Amino acid sequence: MRPRLEPRHPLHVVIRVIGGVRLRRRAGWRAIRHALGVTLRRHDFRICHVSIQATHVHLLVEADDRVALARGMQGFQIAAARRFNLLRRRRGRLFSDRYHPVALRSPPQVRHAVSYVLNNWRRHGEDVGSNLRLDPYSSAAAFADWNPRPPSELDPERERLPVVMPCTWLLASGWRRRGTIAPRARPGPLP
C-alpha cells in the first residue's frame, strides 16, 4: 500500500514507457497533451508542471488524497496510451510499470523539483544544438517566472501543454524563499 498523502504537499511523479517507445516525438507530445486535457476536468487532482523525456514523463502534481492521485494518474496514463496508440497505429500498453510519486515537503525540495522538471531536457542533453531557451516538450512556457505574459499575448500559433496553476503554498509560492530558477540551469542531484 502506498504511504498516506498530505494534500498540502505536492508530488513529483515519474512514469516510464515500455522499451522501444520514444515519447519525445510529435506523437508522444500530442498524446501527453491530450492526457493533460483530460485531467483538467478533475478538481481533486491537478498537474501543474510536466516534462516529456524520451523514455519517461516527469509530473509535478497536487492531489487531495491517495484515491484522487491513483485515479488521476490512471486516467492520465490511459488517455495518453489510447491517443499514442491511435496516432502510431499500434496496440498494447505504453507505460511499463506503476507511477512513482515522491512527496515534496519543504521549499528547497520543491524548488529543486520545479527546476529539475522544467530543465530536465538539459540533463538528458536534448538542448545540445538547439537555440531554444525553453523545452518545447515541457510546460516551461506556462511557468510564470519565465513567461510573465498571459498565454493569449504569446505566439498564438504555438500550442502549449495544458497545466493548471498550483494551489498548495509550497508549489505556488513557498519554493521562492529559496531563490529563483534560471531557465538555462542544468539540474543535478540535491547536494
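This is a predicted model: local features need pLDDT of at least 70, side-chain atom pairs count only at pLDDT 80 or more; totals for chains, interfaces and linings use all residues.
1. Four strands make an open sheet, ordered β2-β3-β1-β4, with antiparallel pairing. β2 and β4 are at the edges, each with a single partner strand, so one side of each lacks a neighbour in the sheet. On average, neighbouring strands are turned by 25° against each other, direction ignored.

2. The β2-β3 pair. These strands pair in the antiparallel sense over seven bridges. For a landmark, take R46: its bridge partner in β3 is E62.

3. Helix α1. Its length checks out: 14 residues at 1.5 Å a residue should span 20 Å, and the end C-alpha atoms are 20 Å apart. The buried residues in α1 are A27, G28, W29, A31, I32, A35, L36 and T39. Their cover includes β2, β3 and α2.

4. Helix α2, length and ends. This helix runs over residues 66-88. Its 23 residues should span 33 Å at 1.5 Å a residue; the end C-alpha atoms are 32 Å apart, which agrees. After the helix comes R89, with a positive phi near 55°.

5. Helix α2, buried residues. Which residues of α2 are buried? They are A68, L69, G72, M73, F76, Q77, A79, A80, A81, F84 and N85. Elements covering them include β1 (11-16), α1 (26-39), β2 (45-52), β3 (56-63) and β4 (100-103). As background, an α-helix has 3.6 residues a turn, so residues three or four places apart point the same way.

Definitions and conventions: Residues are numbered from 1 along each chain as its sequence is written. Side-chain values use heavy atoms; hydrogens and water are left out. Helices (H or I, at least four residues) and strands (E, at least two) are DSSP runs, numbered from the N terminus. The expected span of a helix is 1.5 Å times one less than its number of residues. Buried means under 20% relative accessible area, exposed over 50%, partly exposed in between (1.4 Å probe, protein chains only). Contact means heavy atoms within 4.5 Å. Two strands pair if DSSP finds at least two bridges between them. Axes are lines fitted to C-alpha atoms, for helices over the stretch in contact, and angles run from 0 to 180 degrees between N-to-C directions.
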